[in-house]
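Thanks for coming. I will go through one structure today, starting with a few single residues and then moving out to the sheets, the cores and the RNA.

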Amino acid sequence: MPETVRVAELPGRVGSTVTVRAWTMTTRSSGKIAFVTLRDGTGYLQAVLSKKDVPDAAWDAFGRLTQETSVEVTGVVRADARAPGGVELQASDLKILGPSVDFPITPKEHGTAFLFEHRHLWLRSRRQVAIARVRHEVSQAIRDFFYERDFTLVDTPILTGSIGEAAGHLFATQYFDLGTAYLAQTGQLYVEAAAAALGKVYCFGPTFRAEKSKTRRHLTEFWMVEPEVAWNDSDANMRLQEEFVSYIVARCLQRRKPELVELERDTKPLERVQPPFPRISYSAAVEKLKSLGSDMEWGRDLGGDEETLLAQQFDRPVLVHDYPKQVKAFYMKENPADPRTVLNNDMLAPEGYGEIIGGSQREDDYDKLLSRIRAEGLPEDAYGWYLDLRKYGTFVHAGFGLGVERTVSWICGIPHVREAIAFPRTLYKLWP
RNA sequence: UGGGGUGUAGCUCAAUUGGCAGAGCGCCCGGCUGUUAACCGGGAAGUUGGAGGUUCGAGUCCUCCCGCCCCAGCCA
């Protein structure tokens, strides 16, 4: 009885007889010799069948192979320069496990609308497998980075009663007899509470925005990691960010080179991602943009075009800090050196990928926070627990949120965030 | 919510600007002993997104509706 092995193990099994279970990608035949390219999730394998060397049933089975037929192939592992990957399987038997009739995604070109309608099948493609592996590496790097630095993971609620940020639309649902519940658009307020208990914390999970955004950078459901650190000021917050992003990129370069090659990603720009990152104040950024021909004015938030133009001036991610108070959220700490601004920052990824991080030092003064809540017309009683954090031993603290899909898109060099998650949720896409 | 596109075979796209709906891939049949998205020969495949209108004649022009894509705002 031959062993069943994974394709990835085959280079170490040259000479032995093995059985592989996998899916059919393409077939080629020359009458008496036949080739089938297989994939099993661990790698890609070419199996070779010679008509004279296999049972008639196996030869007939080859003739019935169609794209994505699942099969069991037994044979001898052989090194051969003509085989993709350098190793192939000289088959002695082939059995069909599951036929596949009229697989909709052919090896030729398709439009994005068609592919996303078949997302559950499209995931099997080499490109989508590579993206999934990079995403997995990013997620694991995130967890390892914080674990190594003694952060505690705090899982924050997805169903919430209060509202996170001032603007933005939220998904709402009826919550028993307690009225409306909202799907969380941030875990930040909760990790602030946890930071007062545990010091260094982070949350990592899905987040929901009911905004009718239709751009390559937006999803209605996306994953965000949000660290929050007691006694960090804005400067320490930015140092943590550049260390964090550099760590994630380095891990992908170190462990996912084959996937980045599959994606035809030029890794040179990624290799430059090392601390320190350039920093520029919002005010200086406005001046710089003006000198570059932009009609940007002080007081306006940076738009997509401005972000791209600004990021193009640097060879690695750039930290833009101290934005005008009126364009930023109520919880950001007022800048003592310039009360028109707050102690926040965004991180703009290079190559046009835009904002991957938004962060700030939090307002730790009870009265100032309360007046901001009132000024923005937020429901004061809903924020009672949040204000308590300033009432009982207030503390300097700061944190940020990193968007996983935007980060994965940037590292992979893909044009749209919806490819960076297995089943994207957008304005028009709730299935599959 | 604005602005710009697009919809023709299973898929990706043509169709002389109003005059016989076509190609490549995929699929089916046949051929080939080292193929790499194999190649060669043959075949099947269409309510041109939907409804209405103009016209001798509409894939093409007009009106409305529907789906999708891109850009902007919002943000990660």
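F176 sits in the loop between strand 9 and strand 10. This is a predicted model, so please keep that in mind throughout. The phi of F176 is positive, about 45°, although F176 is not a glycine. Most residues other than glycine have a negative phi. Is F176 buried or exposed? F176 has 6 other C-beta atoms within 10 Å, so F176 is exposed.

A second residue of this kind is D322. D322 is not a glycine either, and its phi is positive, at about 60°. D322 belongs to the loop between strand 14, residues 318–321, and strand 15. Here the surroundings are another matter: D322 counts as buried, because 24 C-beta neighbours lie inside 10 Å, and 20 or more are needed for that label.

Staying with the backbone, look at P275 and P276. The peptide bond that joins them is cis, with omega about 0°. P276 is placed in the loop between helix 8, residues 268–271, and strand 13. As a reminder, most peptide bonds are trans.

Reading across, the order is 7-11-12-17-16-15-14-13, and the pairing is mixed. The edges are strand 7, at 152–153, and strand 13, at 279–281; both have a single partner strand, so each has one side without a neighbour in the sheet. Inside that order, strand 16, residues 354–361, and strand 17, residues 397–403, are paired in the antiparallel sense over 5 bridges. If you want a point to find on the screen, G359 is opposite F400 in strand 17.

Two helices lie across strands of this sheet. Helix 5, residues 188–198, lies across strand 7, strand 11, strand 12 and strand 17, and runs at about 30° to strand 12. Helix 13, residues 404–412, lies across strand 12, strand 15, strand 16 and strand 17, and its angle to strand 12 is about 105°.

Next, the cores. How many residues does the largest nonpolar core have? It has 70, and V134, V138, I142, I248, V318 and I411 are those with the most contacts inside it. Helix 4, residues 126–148, gives the most to this core, with 8 residues.

Then the RNA. What surrounds RNA strand B? The answer is 60 residues, and the closest are G31, G111, G303, G358 and G403. By type, the residues of the surface near RNA strand B are 18 nonpolar, 23 polar and 19 charged.

Finally, the chain as a whole. Chain A has 13 helices and 17 strands. Its C-alpha atoms fill a box of roughly 85 × 55 × 40 Å along the principal axes. Of the 432 residues in chain A, 36% are buried. Among contacts in chain A with a separation of 6 or more, 67% are between residues 24 or more positions apart.

For a sense of the distances, take S291, which is in helix 9, residues 282–291. S291 has 8 other C-beta atoms within 10 Å and is therefore exposed. From S291 to K52 is 75 Å, C-alpha to C-alpha, and the two are 239 residues apart in sequence.

That is the end of the tour.

Key. Residues are numbered from 1 along each chain as its sequence is written. Chains are lettered from A and ligands numbered from 1 in the order in which they are written. This is a predicted model: local features need pLDDT of at least 70, side-chain atom pairs count only at pLDDT 80 or more; totals for chains, interfaces and linings use all residues. A nonpolar core is a set of buried Ala, Val, Leu, Ile, Met, Phe, Trp, Tyr and Cys residues joined through C-beta atoms within 7 Å. A residue is buried if 20 or more other C-beta atoms lie within 10 Å of its own, exposed if 12 or fewer, and partly exposed in between; C-beta atoms are placed from the backbone. Helices (H or I, at least four residues) and strands (E, at least two) are DSSP runs, numbered from the N terminus. Two strands pair if DSSP finds at least two bridges between them. Two residues are in contact if their C-beta atoms, placed from the backbone, lie within 7 Å. Axes are lines fitted to C-alpha atoms, for helices over the stretch in contact, and angles run from 0 to 180 degrees between N-to-C directions. A residue is near a molecule or strand if its C-beta atom, placed from the backbone, lies within 6 Å of it. Ala, Val, Leu, Ile, Met, Phe, Trp, Tyr, Cys and Pro count as nonpolar, Asp, Glu, Lys and Arg as charged, and the others, Gly among them, as polar.
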